[in-house]
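Me: I would like to go through this model and ask what stands behind each label.

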Amino acid sequence: MSDLDHIVYLIKELYAPCQTSETILNTQKQLQIVQKQPNSNIVAHQLLQHDETNIQFFGALTYTVYITNNPVTLELANQISEEIVDACRRDLQLLVIQKLLSNMAKIYSKIFYNPLDYILNSLENRLNFDIDQTLVLALLSSKSIPEELLSSKISLTTEQVNDIINNIFKITTINILDNSIPHLKGDDRLTYLWLNCIESWLPFINYAFFDFHIVIDINNYLSIVIDLLINDLDDTALAILCEIYDTNTKLINEENKLKLDGMIFSNWYREFIERKDIDDVKNLSKLFTLYLELNLLPFAQYMLTPKYALKFKFILSLTNLYETPVLADSFSVSLLDFWIPLTEDVLSQMDSYSSNIEIETFFMILADNYWKKSRLIVGDEFVDDEDDFFDLTNLEEFLNYRRDVAELFESLYSINKSVLFGHITSKLITALDTKTEDIEMNCLKNIEASLFCLHSIAFILNENNVTEDFYQSMDKIFSCNLLKRILEVRDFNKLEYTRISKKFKYVPFEELFQYLVKMTIKFLSEIKWYYQTNNGKKYIKDILIFLFNFLNVDYYRDVSSKAILQITDSCRYELSELLNDFEASAHTMFSQKYNIDSTIRSRITRSYANILQTVKEPQLQAQKISNFLDLMYNEVQLSYNLINGNINNKEVLENIDNFLLSVISCLVGLAKGLKIPEDWEEYYLNNNRQDEMINNFNYWNNIDKNEFKVHEKCLKLIDLFSFPNEYINDLKVNKLLNSEIMEEIYLFFKAGLTEPLSGPFVIDSNLILTYILKCCKLFQQKLIPKHINPPIIKIIELYGVLIKSNILTSTISKISGLDIKSIDLKVPIVVNEIFLKPIHQVIKENDILTAEYTLFADIISTYPKYLIQDGSIIVKIMSLSIEQFSINCQDRFVIIAMAKFWTNLIYLRKGKLEDIHCIKNILINEKLGISLVYSLIKGFLNTSRSIIEFYSDILRSLINKFSKDLKNWLILTFDSINKERIFNGKEKIDEKEIELFIKQLLITRGQRSANEIIKKFWLNATSMVDYGM
Amino acid sequence: MSRDLRTERIQQERKQWRKDHPFGFYAKPTKKSDGSLDLHNWTAGIPGKQGTIWENATYPLTISFPEDYPAKPPKIKFPPAFYHPNVYPSGTICLSILNEEQDWRPAINIKSLLLGIQELLDTPNPNSPAQEPAWKAFSKSPEEYQKKVKLQAQQYKDKV
């Protein structure tokens, strides 16, 4: 077998049907080697001589590879043109000739030489081609050039672009286009190629226009393009016009615009719609919308003039063509891009219109159309018989479209306000009035669509912008028994489902009903402004019962729990009568354990907290909370008890963990939800509620201890969560101080500690302190499982909150006159337990270190004496901190904590004279000052750009308070650092620079200007570039 | 009626967005209480990419355009306490294309910004921590990180 025969064999194998991918890949590899050979142009020529089209095409393709990989010469260009002429002579398939022509274009993009005239002359003179045959080839040839030029992404010069336009387009192509025009009529193939040629040149014409400001007038041809669209409904003509309106409308002149205007505002489109498929109609609607968008301003300005009023009516009729957007009607979808900005423009010009009524009427028709167009497409459109299935992609697209419709309704509301709301309300009422047994798909869709539109408007309404008319509309909706009707439909259809489901695989009614319920719930959650009215209050209980009803069904839990929370957040006082219902619902959330999503459990607990907060009698509140805590305790205990039996079942263990976390986070939600309002002074003292305040205080401080024991139960629950291994017999997993649980426990205590007055979750600070010390012991004994978030951090932070709370207590005691006692914080003991005893664990974990020093910073800024006056503690704390500036210079969080600690310590704003003396003594006489500055500067020179500011803070505080000593400390420090540098073979820092730096620094007296000096010095010393910070 | 540069650009952005926006995303100006548009403040939503732990949820954003937009970038924020290593506790996003000092260019449009943020969701930059919890979990405990992200996705589950 010769080489050529082998290549032919390989090509045949490549194109043979049913080849394995392995064979194809292998064959391709071998052929690619052939194509990349230096003489592949010879192989290409030989292959073109073969009888089979596939082989010939591969020959043309081999030329393409050759042109790509080799320098292009005139000789090669002439060789290809001869191949084209020869291919035409042998009447090869068009796809082979087309590939050769694109090779020709490829050559042009490299050497700007195009022998098209020679080819065309050869065809006419040597081969006696008729004009039609020649034109086909010419058009194909011309269209390949811009395609190749743009796809090769070569950057052209102005001269080159001008040359292409003046020669290839304005002479060759125009000649071909002009010569083709008389032959277009009746020749579909030539027409297609003619349009295709223009379509291919358009991107290049735009490129020349936008990048080189070269204007090319193609309006003569666009006029024919429009004619072809009007007369032949040509798709390519439509695509060209869409492209022009989408990219560069400057290409079309007034005359053609008028022609297009005449076409758009006529009944011409009807024929197009009747004869074309949905994709073509989609393109037509796109062209219409692009055209209208461009004329938005005159439309908004002159909409009441007879000329434009007629046009408006016409566009309105276009938005009302079919019943089903996305599936069959693309006009209502596309035209939203015209209507939404139009309504906004009209709104901004409302004052200038002669008749607002006409405008409102007009937009009401638009609203009507889109109300119809927002009806859901689930159901009968898809399911005609049992073989049809629901198409989710269409539904998703439809729901996206509906989001835009909602936007339109928001804008329409701005124009038609309550009239629009009332209008849609009447549509809802009409649909609701249908007898239950007569309700069918359409009726459900009408109800759902009305609720959807009303919901879109209600979303932007609030107490400040609703008027009486809105309330009246709402009254009508509820007096029509909206909720009862929906429940009736459900009950009626339960029977129907059973009947229908035997017949169909898919039951659209059920799907539709689900959407209806979801939309009703969403609507109910958006009308909070109505619940504040007397009439609204009448219905609010029914609404909540309706929501509770659907909370029991898994499918609706998410949306209904969200609605319940939203409503109780704003209307808790109106719902206090439903306390027992809320209680029952909240309890279900816990008794159903793993079947309830934690987000939903949390929402319902928060709702319950909202309602519990409205209970005036503390006894009743305590009773309810106590019940809730009992339930929680039992469920938590049961869950812990399940662990041992499922030790190898990862899924069950995960469910248990999730449930436990969910319970504790609900407890936090309850504690936060029951907090006294932040403006408690206003609430109690300025509203003559002092008795209530005293009553509550006494109850939670004294009486409850002997009644419902809420605080005791809280602590019992917290203990169970924190130390389950102590409470559950032989628990096989170490659950002590679980990190995630501890985060919640911290939040729980914090909720109480930040309360101004006693309440159900304000636990005695002494008991919290005992709890903290117990946790510290576990930490010291290394009994807590390792975790990336060490739980001890939360204990450290909790102690910080306790300190702040102690200060708050004394303030509140003064304001309220109540006897609220602050506690002995036992700072030295706690610091010993939390820091000094477990010091080896602390220094191993930067996160713990960070938390410890943040705490110390807080203590220094509140009760400095407790840390400072026990001299040994503060020295240890300071010494450990000093090391960190160089050891952890890259750890942002450690340095932030250290900076906070040191600045607080140096300024010592709450410090007494003896505290200040003590610190001075340590820094100056005990020489910690020089150590500090040495470590500080060492770390500073090695830290990152974004951490410099924290080093600056400490330097500034030192300048401020220890300027005299600082100068000396800095000199000694830089001296040491430079010695070390020399020792390590590094370049030392310029002494003059150091001198200047110290001088400039001290002059600032610690003011903000020091930051800039410090930054500059860092940039110099580290040879970094300043790109601004 | 003459408009300032910022408003002109925002109008253009809006038009462009309507013409071409990625599926499942939304972005629109907010409404003032009288129903008129507040062009300078938008709300937007980004769907989590399918096949990632962020999927099946649309994450809400607020976009506010400063007076000197587009010379300066818009301020784009998730809700406060949004769980992601590169989102500050306030919800502000730490992303170079949103930073005037870094990669922001006036030519960047809303679509690119939102696509960039969508990309950031599943490919956080561990070198630019903006919040400690998510950053730590992402760097040290992928399991915990995934759990928390999925829990958050529940909160922003796609709505009908």
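Reply: B:Cys94 counts as partly exposed, with 18 C-beta neighbours inside 10 Å.

Me: Why is B:Cys94 called partly exposed?
Reply: A residue is buried at 20 or more such neighbours and exposed at 12 or fewer. B:Cys94 has 18, so it is placed in between.

Me: What makes B:Cys94 an "active site" residue here?
Reply: The label comes from UniProt, where an unreviewed entry lists B:Cys94 under that name. Such annotations may be inferred rather than shown by experiment.

Me: Where is B:Cys94 found, and with which residues is it in contact?
Reply: B:Cys94 is in the loop between E4 and helix H2 (110–122) of chain B. Apart from neighbours within four places in sequence, its contacts are B:Asn86, B:Val87, B:Tyr88, B:Ser128 and B:Ala130. Contact requires C-beta atoms within 7 Å.

Me: What is the order of the strands in the open sheet of chain B?
Reply: The order is E1-E2-E3-E4, 4 strands with antiparallel pairing.

Me: Why are E1 and E4 of chain B called edge strands?
Reply: Strand E1 (26–31) and strand E4 (75–77) of chain B each pair on one side only. On average, neighbouring strands of this sheet are turned by 30° against each other, direction ignored.

Me: How do you know that E2 and E3 of chain B pair?
Reply: Pairing needs at least two bridges between the strands. Strand E2 (residues 37–47) and strand E3 (residues 58–64) of chain B have 7 bridges, in the antiparallel sense, so they qualify as a pair. B:Pro47 stands opposite B:Thr58 in E3(B).

Me: What is said of phi in B:Asn56, and why is this residue called partly exposed?
Reply: Phi of B:Asn56 is near 60°, a positive value in a residue other than glycine. B:Asn56 is found in the loop between E2 and E3 of chain B. Its count is 14 C-beta neighbours inside 10 Å. Buried needs 20 or more and exposed 12 or fewer, so B:Asn56 is partly exposed.

Me: Is A:Lys927 buried or exposed, and how do you know?
Reply: A:Lys927 has 11 other C-beta atoms within 10 Å. The limit for exposed is 12 or fewer, so A:Lys927 is exposed. A:Lys927 is found in the loop between helix H46 (913–925) and helix H47 (928–942) of chain A. Although not a glycine, A:Lys927 has a positive phi of about 65°.

Me: Which peptide bond is cis, and what is its omega?
Reply: The bond from B:Tyr69 to B:Pro70 is cis, with omega near 5°. B:Pro70 is found in the loop between E3 and E4 of chain B.

Me: How many residues of chain A are in contact with chain B?
Reply: 23 residues of chain A are in contact with 20 residues of chain B. Helix H19 (336–348), helix H21 (392–432) and helix H25 (508–526) of chain A each supply at least two residues of the chain A side. H21(A) gives the most, with 6 residues. By class, this side of chain A has 8 nonpolar, 7 polar and 8 charged residues.

Me: What is the mean pLDDT of chain A, and where is the pLDDT below 50?
Reply: The mean pLDDT of chain A is 90, and 96% of its residues reach 70 or more. Over residues 382–390 of chain A the pLDDT is below 50, and this stretch has 11 contacts in the model beyond near neighbours in sequence. Residues 501–506 of chain A are also below 50, with 7 such contacts. Where pLDDT is low, the predicted coordinates should not be read in detail.

How values were computed. Residues numbered from 1 in each chain as written. Chains lettered and ligands numbered in written order. Predicted model: local features only at pLDDT ≥ 70, side-chain atom pairs only at ≥ 80, totals over all residues. Contact = placed C-beta atoms within 7 Å. Nonpolar A, V, L, I, M, F, W, Y, C, P; charged D, E, K, R; others polar. Axes fitted to C-alpha atoms, helices over the stretch in contact; angles between N-to-C directions. pLDDT = per-residue confidence, 0-100.
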